Amino acid sequence: MVSFSKGHTKDRHPSEGLTVVDYAFAFLRALVIAGGLIWLLFHPFPPLMRFNLIYIFIVFVAYSVVLQFIVFMHPERVEKVYLAALILDMGFIGVFIRLSGGFDSNVFLAFYILAALHSFYYGLTKGLILSIAASLTYMLVVFDQIDFIVWTDMVLRLAIMFVIAGFLGFLSGKTRHDREEILKMKDEMTSLQGNLAKAYNNLQDVKRQVEQSEKLASIGRLVAELTHEINNPLDGIKNCLNVLTIEKDDAELRERYIALMQEGVREIEQAVRDLLEYAKQHEFRVEPVDVNEVIRRTVLMGEYKFNKQGIRVRTNLDRHVQDVMGDSHHLQQVFFNIIFNAIDAMPNGGVLTVESRKENDYAAVEITDSGTGIPKKDMEKIFRPFYTTKKIGEGTGLGLPISDGIVKRHSGKMYVYSYVNMGTTFRIILPTKESYDNILGGYR
Ligand SMILES: Nc1ncnc2c1ncn2[C@@H]1O[C@H](COP(=O)(O)OP(=O)(O)OP(=O)(O)O)[C@@H](O)[C@H]1O
Ligand SMILES: [Mg+2]
């Protein structure tokens, strides 16, 4: 296959094959042969001279064919073949000059082609060496005409050759240098890209760990509350057992109390199971999620705290809300954090309203508390990592930034409205199944 990438390097690997330069060389040789043929046929040569020239020309054509054959058969040896060809070409030009009139012949122009091509191919130094060799050949060929040579013409002819070789050699050297620079830059870019990808992966890992530790920190606080939640049904069970020990023979009572105890055990089981489920680390997975169900589950987890702090809960979940495309565990983490922030903002009781609404192809969730509110100056800080107004051990300040990240991952948006001493509303908009596919850049 023809490639544009080579032409200058010293060692060509066998697998690299021929380059566009090699094909250009072959084409130029064919052109020279065609031009030479026209020159031989139409230039007014004396008959003997034409005969001699045709004879040499045939040898030149045969040599050219063999040369191209070797080049095409052994692309890996192309550099050496070109060097040998260069010497032979110079010899041929010398012979043609000699046979077609020496210093008066125009064939010396062929040296220009040779100098131009090879200085471009091999670079400045070799181009200049070639020009010196060509000059010597030329002078050797016309040496016996020394008395007739016009030296100013001679100097001009050779000078032009050096200018051509110098200019093209410099140009090719610059091209080569630029290309090497580009290749170097490309290599650096590739390794940089690799490092960046690695760093990104590490960052993702850290992010996951931070998300998880934030969750565990909030659970730490929840567990303390859970003990009370377990204690209530446990007290009930204990009561039942006491009564049953005394009233052993009352079959109806026994049945009723056993049912009550079973209910208590189920409550404990459920509370523990919910907590364990929430604590687990989950990979982010996109699937249809019933947001109302996630909200219900999360509200249940705060039940003990609501009772303890005298918080009334109003839930108003729109059953027309369609499934959201996302991850229920991650969404639960968002609702959990916002609801528990609301609880923290109402230490002396209040009202918590949790609403969901279908808004076109989106699900809107609004969680409103009647708590302390957030001062305007702190509004932009609350999404910053580690910003917290809570006591050490009570808040890490990661809840909202993580929640915001999760909402964004769902291609959703989170808004906050707050009035000091009146309360705060967190509004979350999430695309439902219908709109999810139309969102450009949606997380998949
Ligand atoms: N509903 C709210 N009412 C008043 N202030 C709030 C409310 N929600 C959040 N804030 C303020 O935003 C801060 C940051 O909240 P965020 O959830 O990020 O961290 P945190 O609750 O302090 O700690 P963590 O959630 O990690 O336990 C809170 O400390 C609080 O000052
Ligand atoms: Mg929080």
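Into how many nonpolar, polar and charged residues does the lining of the largest cavity divide?

Modeller: The lining of the largest cavity divides into one nonpolar, five polar and five charged residues. Here Ala, Val, Leu, Ile, Met, Phe, Trp, Tyr, Cys and Pro count as nonpolar, Asp, Glu, Lys and Arg as charged, and the others, Gly among them, as polar. This is a predicted model, in which local features need pLDDT of at least 70 and side-chain atom pairs count only at pLDDT 80 or more, while totals for chains, interfaces and linings use all residues. Residues are numbered from 1 along each chain as its sequence is written, chains are lettered from A and ligands numbered from 1 in the order in which they are written, and side-chain values use heavy atoms, with hydrogens and water left out.

The count comes to two cavities of 30 Å³ or more. A cavity is a set of points, on a 1 Å grid over the protein atoms alone, where a 1.4 Å probe fits but cannot get out, and its lining residues have an atom within 4 Å of a point. Points are joined across faces, edges and corners, and the volume is the space filled by probe spheres set on them. The largest cavity has a volume of about 110 Å³. Its lining consists of Arg208, Glu211, Gln212, Lys215, Gln281, His282, Glu283, Phe284, His330, Gln333 and Arg409. Two elements give two or more residues to this lining, namely α6 (151–246) and α10 (328–345). Helices are DSSP runs of H or I with at least four residues, numbered from the N terminus. The largest share, four residues, comes from α6.

Two of the lining residues, Glu211 and Arg409, also pair with each other. Arg409 forms a salt bridge with Glu211, the closest N and O atoms being 3.7 Å apart; a salt bridge is a side-chain nitrogen of Lys or Arg within 4 Å of a carboxyl oxygen of Asp or Glu. Because Arg409 lies in helix α11 (residues 399–409) and Glu211 in helix α6, the pair ties together parts that are 198 residues apart in sequence. Both partners are buried, Arg409 with a relative accessible area of 14% and Glu211 with one of 7%. Buried means under 20% relative accessible area, exposed over 50%, and partly exposed in between, computed with a 1.4 Å probe on protein chains only.

Helix α11 as a whole is mostly covered, with nine of its 11 residues buried. Among them are Gly399, Leu400, Pro401, Ile402 and Arg409. Just after α11, Ser411 takes a positive phi of about 60 degrees.

Asn337 is buried, at 11% relative accessible area.

Also in α10 is Ile343, one of the residues touched by Gln309, together with Met346, Pro347, Asn348 and Gly349, not counting residues up to four places away in sequence. Contact means heavy atoms within 4.5 Å. Gln309 itself lies in helix α9 (residues 303–309), and its relative accessibility of 18% makes it buried.

The second largest cavity holds about 40 Å³ of space. Phe108, Phe111, Tyr112, Tyr138, Arg157, Leu158 and Met161 line it. Helix α6 supplies the largest share of this lining, three residues, and α4 (109–122) is another element that supplies at least two. Its lining divides into six nonpolar, no polar and one charged.

Elsewhere, Glu355, Arg357, Glu359, Glu366 and Arg427 are linked in a network of salt bridges.

Notes. 1 Å grid on protein atoms, 1.4 Å probe; cavity = no way out; pocket = protein on both sides within 12 Å on 5 of 7 lines; lining within 4 Å.
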